[in-house]
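Here is a short briefing on one protein chain. Look at the sequence and the structure first, then read the points by topic.

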Amino acid sequence: MSAPTVVSGKGPGQARAFLGVLGRDIAVTGKEFGSFISQVLMQPFFLLFVFGVVLGQLGYVTPGYAQLLLPGLLALNAFFVAVQATAIPLVIDFSYTKEIEDRLLAPLSTRLVAVEKIVFGASRGLFGSLVMIPVGYIVLDEVNWVLSGLPFAALLLVLGSLSGGAAGLVLGTLVSPRKINVVFALVVTPLLFTGSTQFPFLQLENLRWFQVICALNPITYVSEGLRGALTPAVPHLAGWVCLLALVASCAIFGAIGIQGFLRRALD
């Protein structure tokens with residue numbers, strides 16, 4: 001790939017270019033809204049229905065389980081939709097369509113192109129999480145949130161989405177196209193079941209080894225933070241712990257992902 005154009009202009013020009021590229025990506029999502037919304041809702045909807053309704057009516061879960069489950073699924077959607085929305089298009093752009101070259105020729109620094117990818121993926125992850133709220137209220141009968149916790153919950157969802165976008169940037173720049181499906185199976189699937197989305201993290205003390213694994217998953221801190229903000233009666237980690245962990249996750253994944261993006265852009 002040819003070297004990207006070096007942009008010396010800063011300030012308002014860079015900001016306008018950034019918003020222009022981001023707006024174009026969001027507009028494309030709008031044209032594919034039907035397929036996007038079906039992908040976003042399918043898995044979480046059936047998880048809600050089976051765990052929150054079917055197992056509840058059969059008596060296999062306690063009546064308050066819906067209170068625990070819905071925040072976890074919001075966290076799951078925020079992170080995973082962002083990962084997929086960032087990683088998969090990047091793999092395609094860098095390998096097959098070479099569309100990334102058009103982005104690198106924009107009046108925007110290469111680092112900001114990488115940041116735009118993270119922000120765009122995060123915007124899809126945040127939207128995917130928010131649309132689950134009315135679905136949860138429709139499907140589940142026992143959802144009662146503490147509304148005063150909504151601002152902190154919104155902050156956690158934004159950080160969780162940004163963390164997912166940054167993780168997607170890492171996968172999209174470090175993994176070859178031939179291995180992306182294998183990597184998703186080996187990395188994403190374990191993350192799906194170790195993010196404390198279906199169980200409280202603090203109640204894993206009798207499974208200490210599994211609790212340690214869950215502590216390495218950023219989704220855990222989104223799930224636990226949302227429970228603390230919206231359903232404080234459910235056992236949960238302290239909000240400041242979740243906040244610090246997510247900020248660290250964004251910083252670590254972001255730094256690795258941007259370096260990988262710069263390396264691929266210069267290849």
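Helices (H or I, at least four residues) and strands (E, at least two) are DSSP runs, numbered from the N terminus. The model is predicted: local features need pLDDT of at least 70, side-chain atom pairs count only at pLDDT 80 or more, and totals for chains, interfaces and linings use all residues. Residues are numbered from 1 along each chain as its sequence is written, and side-chain values use heavy atoms, with hydrogens and water left out.

**Record**

- An unreviewed UniProt entry lists residues 40-61, 73-97, 118-140, 152-175, 182-201 and 237-262 as "transmembrane region".
- UniProt positions are given in the numbering used here, feature names are shortened, and annotations may be inferred rather than shown by experiment.
- In the listed span 118-140, the end C-alpha atoms lie 32 Å apart. That span is 91% helix and 0% strand.

**Whole chain**

- The protein chain has 11 helices and zero strands.
- Of its 267 residues, 49% count as buried. Buried means under 20% relative accessible area, exposed over 50%, and partly exposed in between (1.4 Å probe, protein chains only).
- The accessible surface is about 12700 Å², and 69% of it belongs to carbon and sulfur atoms. Areas come from the Shrake-Rupley method with a 1.4 Å probe; for residues, only the protein chains shown count as cover.
- Take the contacts (heavy atoms within 4.5 Å) with a separation of 6 or more: residues 24 or more positions apart account for 83% of them.

**Nonpolar cores**

- The largest nonpolar core has 52 residues. Such a core is a set of buried Ala, Val, Leu, Ile, Met, Phe, Trp, Tyr and Cys residues joined through side-chain atoms within 4.5 Å.
- Leu-48, Leu-76, Leu-140 and Leu-226 have the most contacts inside this core.
- Helices that each supply at least two residues of this core include H2 (33-57), H7 (150-174) and H11 (239-266).
- H3 gives the largest share of this core, 15 residues.
- A second, separate core has 16 residues, including Ala-17, Val-21, Leu-169 and Ile-258.
- Leaving out residues up to four places away in sequence, Leu-76 touches Leu-47, Val-81, Leu-192, Thr-197 and Ile-219.

**Salt bridge**

- The whole structure holds one salt bridge. The term means a side-chain nitrogen of Lys or Arg within 4 Å of a carboxyl oxygen of Asp or Glu.
- Glu-224 and Arg-227 form the bridge, at 2.9 Å from N to O.
- Both residues lie in helix H10 (residues 218-230), three residues apart, about one turn of the helix.
- Glu-224 and Arg-227 are both buried.

**Two buried polar residues**

- Ser-163 lies in helix H7. Ser-163 counts as buried because its relative accessibility is 0%.
- The side chains of Ser-163 and Ser-249 make a polar contact at 2.5 Å. A polar contact is a pair of N or O atoms within 3.5 Å; within protein, one must be able to donate a hydrogen and the other to accept it, and residues adjacent in sequence count only if both atoms are side-chain atoms.
- Thr-86 is in helix H3. Thr-86 has a relative accessible area of 2%, so it is buried.
- The Thr-86 side chain reaches the backbone oxygen of Ala-82 at 2.9 Å.
- Not counting residues up to four places away in sequence, Thr-86 touches Lys-117, Gly-121, Gly-165, Gly-168 and Leu-169.
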